[in-house]
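Keep the 3D view open as you read.

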Amino acid sequence: MDKFDVIIVGAGLAGLSAAYVLAKEGIEVVIIERGDYPGAKNVTGGRLYVNPVRQYLPDIWDDAPLERHVTNEMVTMMSPDNSVSMRFRSDKFDQKPYHSYTVLRATFDRWLAAQAEKAGAMLVTKNRVDDVIKEQGKVIGVVTAGEELGADVVVACDGVLSFVAEKAGMIVPGQPRNFAVGLKEVIELPRTTLEDRFGLTGDEGVAQMFMGSLTQGRFGGGFLYTNKASVSLGMVVGIRDLIERKPGVEVHLLLDEFKERPEIVPLIKGGEPVEYSAHVIPEGGLAGLTPLFGDGILVAGDAAGFSLNMGITVRGMEFAIASGVMAARAIIEARAKNDFSASTLSCYQQFLENSFVMKDFRTFQHTPHVLDNSRFYGYYPQFAGKLLEDLYTVDSGPKAKISDTIRKNLSLGESLRMGKDLLGGLKI
Amino acid sequence: MSERRSMKAKLGGNVFKPDRERHINIKPGFEKDARLKAALFVCPAGLYSLNEEDEVVLDIDGCLECGTCRIACGTEVLDWNYPNGEAGVQFRFG
């Protein structure tokens, strides 16, 4: 059996970041990817926040093929027949180094893979890893294309369904309550059209989140990101809610209906839809994290559950990059001791605990529970829309006092429930 | 309102490479299982449907490999794997 120092399964952000750091240390590392190229199987919404990860992959960000830096943050609450939007623009977000960028993964991951290869990592594409080889409970390699490959450490970076972690006996298939499904269309628009339409100058970008009636009371929401010459438009819906909420609706019809909203139609008019993608997203937060290490194995990125709903942002890519880098650092430490047992590799968990990764997961550990409240997806957007509609309406008769209009829209019972939700919201 | 594109047209914009076998199969005897009904709603490509015998059937062409049906229905009713290397969807944007 051919043997490497490290085998990484999956050329996504976690795997490529780990490979880059290991290769820079002169460690013999091979990345095995089932797609035709890195990124071929990967999907994001998506936006990448660079600040948290700049230090983990230093010196590479200047050349990264990112799309637009986000200067405009929008939130839209939707009701069946109206919507309330907030648009926040900041000069600060238009200053270098930019803090967040829209991104397309097929481009970005290929580029990151090239950096890892340049550093000395070996990349094998078009190969699915079919099994994990264990010896006396310790992971010692993988099987791909009928061939056995050995390694001191295998790093499972094979995404949200991690078959590697499953075959290694670390996890069992996930439960619907801990996952959402994301659907996305990429719609091309000429640069100038896009910039005029969204009120953007140069490489500025907009990130818009939608919540409310578009998910028909289900956990989730919509998103729109402007890329250089395309728009990423999609939505995320909790899988448990899709199964349990009646009447049932086919998730792709929710996206169609969202696209037909008058808020969206003019934004994508005349655009050329060029791709339709979908992916499961871990949404379990702290409680949804998998075991992170075992004898001869580490788990990073989505495979470990590193995706976090922080209320107005859902983040995964920064955690993937940072966890990949910290997995590499743990391996470097294990090599110094020439011991790849779980107890030595457990320093990976420690590195994560000391970093923004586990700190964010602990800070936002109550978010999944707080957001699991259908009032956020139904009542509140409708309350806000109806209130504003009444306030802005001028009828033939005399106009009611503003305070009376608010009172009419908000019963005592609703105020109490709102107070309770607000208290819950303070936890996040 | 612009005209709604069919799922076929949506998926037609993607690059798919054929596989030599189906990578997801409904386990024999589970075609009418209640757990499998979830697939009718959760599949972003709408690949699951009911036949005239009220059995759930899966048309694998156009699978986005998202994993939603595996999470929603479970591995007791679905035999679920990724396509072989060099097969399946190849996202150009992602």
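Start with strand β15 of chain A, residues 272–282: 9 of its 11 residues are buried, where buried means under 20% relative accessible area, exposed over 50%, and partly exposed in between (1.4 Å probe, protein chains only). Helices (H or I, at least four residues) and strands (E, at least two) are DSSP runs here, numbered from the N terminus.

A quick word on the ground rules: this is a predicted model, where local features need pLDDT of at least 70, side-chain atom pairs count only at pLDDT 80 or more, and totals for chains, interfaces and linings use all residues. Residues are numbered from 1 along each chain as its sequence is written, chains are lettered from A and ligands numbered from 1 in the order in which they are written, and side-chain values use heavy atoms, leaving out hydrogens and water.

Which way does β15(A) pair with β11 of chain A (residues 179–188)? The two run in the antiparallel sense, over 10 bridges; strands count as paired if DSSP finds at least two bridges between them. Along this pairing, Glu188(A) sits opposite Glu272(A) in β15(A).

| Feature between chain A and chain B | Value |
|---|---|
| Residues in contact | 52 residues of chain A, 41 residues of chain B |
| Buried area | about 4,200 Å², 54% from carbon and sulfur atoms |
| Salt bridges | 8 salt bridges |
| Polar contacts | 28 residue pairs, both at pLDDT 80 or more |

Contact means heavy atoms within 4.5 Å. Buried area is the accessible area (1.4 Å probe) that two parts lose on being put together, summed over both. A salt bridge puts a side-chain nitrogen of Lys or Arg within 4 Å of a carboxyl oxygen of Asp or Glu. A polar contact is a pair of N or O atoms within 3.5 Å; within protein, one must be able to donate a hydrogen and the other to accept it, and residues adjacent in sequence count only if both atoms are side-chain atoms.

Several elements of chain A each supply at least two residues to the side touching chain B, among them α3 (105–118), α4 (163–167) and β11. Our strand β15(A) gives the most, with 8 residues.

Lastly, visit Phe383(A) in helix α14 of chain A (residues 379–392). Phe383(A) is buried, at 15% relative accessible area.
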